[in-house]
Amino acid sequence: MSIESKTITVGLIGNPNCGKTKIFNRMAKAHADVGNYPRVTVEVEKKQFQHQGWTITLVDLPGVYALTSQSQEERASRDFLYSGQVDLLINVLDAGNLERALFLTTQLLEMGKPTLFVLNMIDEARRKGLSFKLNDLSSMLNGPVVETDANRGEGIPALLDAVVAQAAKMEKDVRPLRITYDSHLEMAVDKIKGLIRDLHPDEMNDAQCRWLAIKLLEGDDELIRQESDHEHLQEMVRRMRYDLSRHHGDSCEMMFANGRFGFIHGLVSEAVSQSIDFDTRRDMTRLLDALFLHRSLGIPLFFGMMWLMFETTFSLGELPAGWIESGVSLISGWVGGMMPDGLLRDLMLEGVITGMGAVIVFLPYILILFFFIAFFSETGYLARSSFLLDRAMHVFGLHGKAFIPLVMGFGCNVPAVMATRTIESPQSRLIAILINPFMSCAQRLPAFILIAGAFFAESSGLAIFLIYMTSIGVAMGASVILSRFVIRGGGESFVMELPPYRLPTMGAVLYHMWDKAYDFVRMVGGVIVVGSVIIWFLQAFPQNVQLSQDYNALIAKVEQSQSLTPKQIRHELTELKRTKKQEEMEKSYLGQTGMAVSPIFAPLGFDWKDTVAIISGFFAKEVVVASYAVLYNEDDSEETGSEGLRQALSKAMSPVTAAALMVFLLLYSPCLSTFAAIKREASWGWAGFSLVFSLAMGWSLAYLVVVVGTLLT
Amino acid sequence: MGKKLKFKKKTLADLKKGESGRVVKLHGDAVSQRRLMALGVVKGKSIVLEDKAPLGDPCICTILGYRLTLRNSDAKNIVITSP
């Protein structure tokens with residue numbers, strides 16, 4: 001903070017789902033992601049803007065219920081508060097839920113930071129018949145109190161003015177709130193405080209010492225760790241915590257929490273009054289829940305809505321996806337016309353544009369899908385859906401919130417991985433991300449149709465159904481394995497606030513869509529372009545290899561041939577060009593890699609051609625069929641392969657190998673786009689883990705198919 | 001065996017739909033205890049079991065005038081008074 005340059009850093013803090021992000025947006029006139037769903041802001045969001053000559057840096061901290069260091073959000077909020085970067089805090093309180101909201105406030109106030117209080121969603125509170133004595137609240141909380149309705153922007157100008165007024169006062173610290181706890185607790189606090197003062201002479205004032213003493217006695221792991229130099233302080237804290245809880249029969253934390261809620265109760269009974277007797281039984285939320293959470297209707301209704309969501313997404317998305325496809329080919333034609341023949345042109349056309357085009361086609365689906373997700377999240381239905389399904393998902397070590405991303409995986413794993421953001425616990429979220437690639441996305445289907453058609457003609461429908469069952473089975477099994485052995489400690493608890501139903505604002509829903517689309521496009525622009533270029537390079541190089549025949553001369557000879565009819569010439573030419581392309585593929589780095597890697601797949605019965613298809617499938621799953629078409633020298637005009645390709649394939653391998661191949665293609669690896677999404681949502685390490693894990697899963701299950709299949713036949 | 005049952009404390013998980021009680025004590029690990037306290041589940045507060053999910057778990061309860069969902073395993077850790 002500086003009064004000369006008139007700059008101030010303001011932190012917004014409050015419970016999840018208290019409308020904090022909407023306040024942030026209204027204040028900064030910006031938009032950040034919001035939802036009627038606890039925990040949406042995970043990273044710290046910042047915006048800078050001007051008001052009355054002041055430059056205000058507004059920081060939206062993740063929603064928290066307390067300042068302990070248990071979840072990622074709590075740690076992020078806390079680290080920011082302790083870092084000393086923040087000059088002023090705005091504590092956003094859900095006015096209709098004041099008693100709970102004030103628990104966090106008591107922890108904030110003990111820190112002694114200048115704080116402003118916002119009674120948000122005042123409209124909802126008024127409908128409940130609540131009214132607030134702002135002056136009393138203000139004097140008891142020792143800071144200005146402003147009423148707002150962030151949905152409609154009511155009270156925001158007053159809030160901005162209050163921020164500036166507070167900034168002009170230039171207070172670094174204010175008198176911290178002093179809650180008087182149980183007399184035994186107070187004695188313990190005093191003793192610890194005395195010791196802290198001796199250990200940190202001149203570093204902290206009396207209030208800060210008291211704050212630290214309270215935190216240590218509350219058993220704050222991180223602060224206790226920070227005092228590791230002072231063993232006798234740690235020892236004293238430990239002993240006092242033990243003595244107090246033995247003496248009172250309550251844990252130390254509970255005693256402090258009781259003190260805090262005692263203070264809150266006093267404050268609320270003095271400053272808040274409820275004029276009408278609010279009949280909770282006739283409240284809209286309860287009526288809707290009686291339907292949506294109904295014992296027998298709740299789950300069918302949920303599946304109905306899921307069906308509606310996917311049906312709409314895929315039928316409505318088809319049209320714009322088609323436009324994008326033709327747009328991409330238009331651009332590709334235009335760029336092709338502009339550039340001279342040569343490597344650079346090939347790189348642009350076959351590498352960059354084709355690669356980006358293949359992914360950008362998903363954009364409409366992502367927009368529509370996230371429109372629904374945003375709508376469900378804004379209304380409060382998303383929280384209900386996880387409540388409905390938690391029991392079923394818990395069996396597999398998954399959280400109720402993991403269901404929607406899993407189902408989305410059948411469409412495309414990329415938005416599905418992005419949708420796991422709604423899961424609060426980092427461990428549960430990671431499991432949901434890592435099992436998602438096992439869900440068979442739509443792009444894998446053409447390869448299954450091709451192989452099933454070639455080998456299991458009369459029962460190919462059954463084969464594909466079995467593949468989908470395997471997909472679900474492996475995803476669930478993987479979740480059990482991961483939650484038991486790899487990523488433990490998540491999802492043991494499902495303590496969640498059930499927010500009231502709210503009408504979503506269009507702006508928030510549209511923003512949510514835009515944000516996801518932006519993330520997606522940014523991803524396409526990064527990893528995907530690099531990946532496409534690499535794959536292109538592997539296919540196109542080395543150039544000018546020694547081919548078995550001089551195709552160009554042969555082509556020229558056929559072209560000038562007098563003895564052939566024009567039809568025969570065309571036939572000969574396509575034939576020659578295909579043979580040439582096949583041999584080039586075989587001799588390219590990709591082909592060589594296929595040859596080199598194929599011994600790994602020998603036990604599964606895959607040859608180098610399968611290996612090449614598998615490798616190309618890493619780039620994008622839909623490429624698998626096209627690769628087979630090139631490798632088997634057949635026309636790839638049809639998506640699922642021509643009759644000729646099916647025949648060629650059926651001669652090349654046994655049905656057992658084909659079954660193993662299907663299983664392997666289902667499981668073996670996230671595609672490049674999904675890999676990039678996992679990297680974005682988790683880390684390089686976990687993306688790598690996902691690759692290795694799914695390869696291992698795919699290989700072992702395909703091997704199992706081979707073993708069992710050989711026994712049976 | 002019989003003795004053990006006799007001294008078993010009543011918990012939130014023992015309540016039927018619509019019944020209520022006052023919080024007496026929390027069990028379980030420190031992390032979940034702190035989480036519950038931050039949400040207002042502290043000694044002396046009245047808690048009502050509103051409903052259970054169609055599959056029997058989790059449940060919804062009302063505390064401090066708002067609604068909270070908990071798994072039965074969490075509810076078992078909340079000891080309440082007998083009415």
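Two residues are in contact if their C-beta atoms, placed from the backbone, lie within 7 Å. This is a predicted model: local features need pLDDT of at least 70, side-chain atom pairs count only at pLDDT 80 or more, and totals for chains, interfaces and linings use all residues. Residues are numbered from 1 along each chain as its sequence is written, while chains are lettered from A and ligands numbered from 1 in the order in which they are written.

Q: Which residues is A:Leu93 in contact with, leaving aside its neighbours within four places in sequence?
A: A:Gly14, A:Cys18, A:Leu98, A:Ala101, A:Leu102, A:Phe117, A:Val118, A:Leu119 and A:Asn120.

Q: What makes A:Leu93 stand out in the largest nonpolar core?
A: A nonpolar core is a set of buried Ala, Val, Leu, Ile, Met, Phe, Trp, Tyr and Cys residues joined through C-beta atoms within 7 Å. Buried means that 20 or more other C-beta atoms lie within 10 Å of the residue's own; exposed means 12 or fewer, and partly exposed is in between. This core has 202 residues, and A:Leu93 is among those that touch the most other members, as are A:Val118 and B:Val41. Helix H29 (residues 655-667) of chain A gives the most to the core, with 11 residues.

Q: Why is this core said to lie between domain 1 and domain 2 of chain A?
A: Domain 1 (7-169) and domain 2 (183-274) both give residues to the core, so it lies between them. The bounds come from an automatic or database domain assignment.

Q: What makes S2 and S7 of chain A edge strands?
A: Two strands pair if DSSP finds at least two bridges between them. Strands are DSSP runs of E, at least two residues; helices are runs of H or I, at least four, and both are numbered from the N terminus. The open sheet runs S2-S3-S1-S4-S5-S7 in chain A, with mixed pairing. Strand S2 (45-51) and strand S7 (145-147) each pair on one side only.

Q: How do you know that strand S1 pairs with strand S3 in chain A?
A: Six bridges join S1 (residues 7-14) to S3 (residues 54-60), and the two run parallel. The definition asks for at least two. A:Leu12 stands opposite A:Asp60 in S3(A).
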